[in-house]
Amino acid sequence: MIVVVASGKGGTGKTTVAASLARIWDGPVQAVDLDVEEPDLHLFLKPDLTGRETAVMPVPKVDESKCTACGACAELCQFKAISVLAGHLLVFPDMCHGCGGCLAVCPEGALTETGRELGEILSGTAGGVDFLMGRLRIGEAMSPPLMHEVYKRLNRKKDVVIDAPPGTSCPAMTAVSGADVILLVSEPTPFGYHDLKLAREAFQPLGKPMGLVINRAGLGDRSLYDYCRATNLPILLEIPFDRKVAEAYSHGLVISEARPEYADLFRRLCEQLRGLAAPVREAANA
Amino acid sequence: MLEITVISGKGGTGKTSLTGAFAQLAANHVICDLDVDAPDLHLLLDPAHERVEKFISGHEPLIDLEKCTDCGECERLCRYGAVKRNADGPFIDVIACESCKVCVHFCPAGAIEWNRRQCGEWYISRTRFGPMVHAQLFPGQENSGLLVTLLRNEARQLAEARGLDLILSDGSPGIGCPVISSLAGTDLAVIVTEPTPSGIHDMERVADLCAHFRVAAAVLVNKWDLNVEQTRAIETICQNKGLALVGRLPYDPVFTEAMVQRQVVTEYGRSPLAEEVRSTWARIMDIARLKQQAA
Amino acid sequence: MSKIAVSSQGPGLNDQVDPRFGRAAYFVIVDPETMTSEVVDNSAAKTMSGGAGIQAAETVVKAGAKVVLSGFIGPKAFQALRTVGVTMGQDVDGMTVREAVELFKAGKVSIAEQATKPGHWA
């Protein structure tokens, strides 16, 4: 089962929920940080990182002896990664989206693939929990290619808890695309409620079961609760607003460590997630 | 004209609430919400739209089933898994699609259209604190920074037209394309952080981004008294990187209470927090003016 | 003397130089000997989410320019133009297209050895 922990807005407690879940999980589990721009799951799970790879994206390379500067590649490329100027072929690897179009269209077979560095993929273990994360190279503008590389390295023999990037644009959508169940995290303030609605609407077309964790319950107002009732979004867990939890978080502790009574709540969350994901997975296996 | 952009590597540090308060404290300014993916500033500022425009960027493919022979070539070539099937036949999942045009180009039946794509909407509005330029990107769209750039250009034009001399922007979170577009050419980036492991870690990444693109940056620590040790660590980092520390705001529920009432903390009665926000803003303006004079 | 492309905010010799190369509104292509000009629209580049500099470089090269005058030229446009041997004059803004060309003819424009600014998406 793949659980993706997401939120419309950053700072709702998504990472701390993902970390707590991974800690108490009832069985073999892999914790994955797909927030490759700002990964922070490792700050809470504190894994022993033993594996490191550089992730690359295929970008074109030209064999000058075969190139006739016909310009077919430049004409097709939507990203200006390959350009023909006054008979010279120029490649701009940073612009490339790895679509393979230029390679396919070249009549002379003058293009082959080489790699552009996206960032790194780190792996290890954190007390019995497998750990995997991606970290985007500074100056690299695209997250999804690195995220896809991390997705390829998921251990599908285990359950997977994924910490997604916040928001609803490209990177967040890429993260939730592989989920069996999406666990949304929000807070009952106007910003939290507004962004949760955005996230729910954005993810709806994917047709995946969704549940909600309300963090900092007790702050804010009832709008989020009313919305959940009105739209049948199950509230699976409420974590009360608690300065002690905030302080513990500032020391890098996960919630289940800050307040041991929460460990049981998270175990229940784990069961409920299995329940939500079950019909989908049965259908997929049928 | 001065441009100040408030950013944070990590979400939830209070960036938007603080930008809202600065919008109240500033004078002669245009407010700009560059967080086009998940804009929130409008929840505090309650903008009244004066202008609504479509944001059209790029193209997207569309399979014309009348011409399609179901040969499967598009599915075979697509590297993003964007060609899917339903009861009617193949279709393009526009959320997965990267708009590379490979399917359009190689379709033997010429059955795939290439249409302009509306990615979102943008607005020019008025608020109780001044004019505001903002937008909403539709879900799953590539947040390429083009909409951010458009908003900044509109803000500049508006400021020039109305004789205003400051653009105050709520920047995009993270370190990717939209943040880069938020920062390029800005006079001062104010990085909002919090004394937590994620807060520090992400602040360093965004400070490095500012350095990489040669943008002057200053740091503001929110909820500083949650963890005095971590706050000291942030101060040390600022010293080492030559970043000015413009404020330390205490952890105070009034911050959220104001938001629930749709107010900014500096208009929500008097509080030690509000006073500290005022002093912080004064420091920010001093630094920004100095940078501008030096340039 | 070869044709000069100047990034411009308007279509004519008396319009202001556009300080950005990649996202300039127009390019005014000037024959420096006769001081006649034609205008090339840069809208193809302006609306691109990325790669505007490269597109602009293609546009000016196709128009036959061997010299480019602009405020600042980003690293990709710079790389593109240098590869095909186009001379680049930078920091030429705050003046009209005509004034920029006259300055170049008088040998007073700084010729770029490297890109003015790091690339960005603005």
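In which sense of crossing, right-handed or left-handed, does α7(A) pass α8(A)? The crossing of α7(A) past α8(A) is right-handed. This is a predicted model.

- Chain A holds an open sheet of 9 strands with mixed pairing.
- The strand order is β3-β6-β7-β2-β8-β1-β9-β10-β11.
- β3 (48-62) and β11 (235-240) of chain A stand at the edges; each has a single partner strand, so one side of each lacks a neighbour in the sheet.
- On average, neighbouring strands of this sheet are turned by 20° against each other, direction ignored.
- β3(A) pairs with β6 (residues 111-126) of chain A in the antiparallel sense, over 14 bridges.
- One residue pair can be named here: A:Val56 has A:Glu117 in β6(A) as its bridge partner.

**Helices across the strands**

- Helix α5 (residues 144-152) of chain A lies across β1 (2-6), β2 (29-33), β3, β6, β7 (129-136) and β8 (159-163) of chain A.
- α5 of chain A runs at about 60° to β6(A).
- Helix α7 (residues 190-203) of chain A lies across β1, β9 (181-186) and β10 (210-217) of chain A.
- α7 of chain A runs at about 165° to β9(A).

**Helix pair α7 and α8 in chain A**

- α7(A) packs with helix α8 (residues 223-231) of chain A at an angle of about 25°, and their axes are 9 Å apart.
- Angles under 35 degrees count as roughly parallel, so α7(A) and α8(A) are roughly parallel to each other.
- From α7(A), A:Tyr193, A:Leu196, A:Lys197 and A:Arg200 take part; they meet A:Ser223, A:Leu224, A:Tyr227 and A:Thr231 in α8(A).
- The residues of this contact divide into 4 nonpolar, 2 polar and 2 charged.

**Helix pair α7 and α8 in chain B**

- Helix α7 (residues 197-212) and helix α8 (residues 228-241) of chain B pack at an angle of about 10°, with axes 10 Å apart.
- α7(B) and α8(B) are therefore roughly parallel to each other.
- α7(B) passes α8(B) in a right-handed crossing.
- Residues of α7(B) in the contact include B:Ile200, B:Met203 and B:Ala207, and those of α8(B) include B:Ala233, B:Ile234 and B:Ile237.
- The contact residues divide into 7 nonpolar, 1 polar and 3 charged.

**Chain C against chain A**

- Chain C gives 14 residues to the contact, and chain A gives 12 residues.
- About 1,200 Å² is buried between the two chains, with 76% of that area from carbon and sulfur atoms.
- C:Ile54, C:Glu58 and C:Lys76 supply 36% of the area that chain C buries against chain A, more than any other three residues.

Methods. Residues are numbered from 1 along each chain as its sequence is written. Chains are lettered from A and ligands numbered from 1 in the order in which they are written. This is a predicted model: local features need pLDDT of at least 70, side-chain atom pairs count only at pLDDT 80 or more; totals for chains, interfaces and linings use all residues. Side-chain values use heavy atoms; hydrogens and water are left out. Two strands pair if DSSP finds at least two bridges between them. Helices (H or I, at least four residues) and strands (E, at least two) are DSSP runs, numbered from the N terminus. Axes are lines fitted to C-alpha atoms, for helices over the stretch in contact, and angles run from 0 to 180 degrees between N-to-C directions. Contact means heavy atoms within 4.5 Å. Angles under 35 degrees count as roughly parallel, over 145 as roughly antiparallel, 65 to 115 as roughly perpendicular and the rest as oblique. A crossing is left-handed if the near helix is turned anticlockwise from the far one by less than a right angle, and right-handed if clockwise. Ala, Val, Leu, Ile, Met, Phe, Trp, Tyr, Cys and Pro count as nonpolar, Asp, Glu, Lys and Arg as charged, and the others, Gly among them, as polar. Buried area is the accessible area (1.4 Å probe) that two parts lose on being put together, summed over both.
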